[in-house]
Amino acid sequence: MWDYTDKVLELFYDPKNQGAIEETGEAGVKLATGEVGSIACGDALRLHLKVEVASDKILDARFQTFGCTSAIASSSALTEMVKGLTLDEALQVTNKEIADYLGGLPEAKMHCSVMGQEALEAAIFNYRGIPLAVHNDDDEGVLICSCFGITDTKIRKAVAQNNLFSAEQVTNYVKAGGGCGSCLTKIDDIIREVKQEAAKQNLNSYGAKPTTEIPSSGQQRPLTTVQKIALIQKVLDEEVRPVLIADGGDVELYDVEGDKVKVILQGACGSCSSSTATLKIAIEARLRDRISKEIIVEAV
């Protein structure tokens, strides 16, 4: 049995805003609907919005859901969260915020909060008259999971937004890989690529304003072992660790043997499937750039 919070159970047994919004011809308002999922996949959500045209403010929100306890609770929570928001404000609502509103969801049920976020986006774009093919990047992606019709674009988005590190987590969030399992290797590859891209971006952003001033080798005598260790520790503390900590990980300097730097990956980095990319891109490349091009980083 799933370990649900009291808030999840409350909104399951007594859901708020369930049903549709009827068209009444009221002046100055417009209705919109967003629909995601399918009964064949086990979950489906139809979200209804009532919007004040002049202000773009959501006056009312209701839902119709076919699904489990988490799907109903997430849908109910979403309607409570978006009432009173403008459409632009509502577009900033994330699936994590929906889960947080509920006091958390079992990780295997996080796809229900993702479904809510997607239905909200669909309703708002439908309201604005933007065709599905324009706002839905998934249409341009490569099909990865044929069982649930999930593309690489959707997987990449879930990994980046929710800081996912394993194929099992991806399955929990977007169901990809939860059928025959033949796409799990491809999902692992996508996770690795997303983490590599993020590491490069983080290093580039930090590289624009380096915090560690290291004289060029042409102006200085070769570093002593003590000096090299001190500089390596300084670069790790000031330029590498902040990037890793922001993603739930960390690194500790273990030992230095000549140009071989031994480190201990911690937190999310220690269990990450792309730990090799972290070593080579986030750590080794930075130390080579700031200290010596001969440095090799290894995990112990």
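**Sheet and helix packing**

An open sheet has 3 strands in the order β6-β7-β8, with mixed pairing. The model is predicted, so local features need pLDDT of at least 70 and side-chain atom pairs pLDDT 80 or more, while totals for chains, interfaces and linings use all residues. Residues are numbered from 1 along each chain as its sequence is written, and side-chain values use heavy atoms, without hydrogens and water.

Q: What makes β6 and β8 edge strands?
A: β6 (249-257) and β8 (296-299) each have a single partner strand, so one side of each lacks a neighbour in the sheet. Strands are DSSP runs (E, at least two residues; helices are H or I, at least four), numbered from the N terminus.

Q: How do you know that β7 and β8 pair?
A: Pairing requires that DSSP find at least two bridges between two strands. β7 (residues 260-267) and β8 have 4 bridges, in the parallel sense, and therefore count as paired. The bridge partner of K260 is I296 in β8.

Q: Why are α1 and α2 called roughly perpendicular to each other?
A: The axes of α1 (residues 6-13) and α2 (residues 69-82) cross at roughly 85° and come within 8 Å. Axes are lines fitted to C-alpha atoms, for helices over the stretch in contact, and angles run from 0 to 180 degrees between N-to-C directions. Angles of 65 to 115 degrees count as roughly perpendicular (under 35 roughly parallel, over 145 roughly antiparallel, the rest oblique). The two helices, α1 and α2, are therefore roughly perpendicular.

Q: Which residues of α1 meet α2?
A: V8, L11 and F12 in α1 meet T69, I72, A73, S76 and A77 in α2, where contact means heavy atoms within 4.5 Å.
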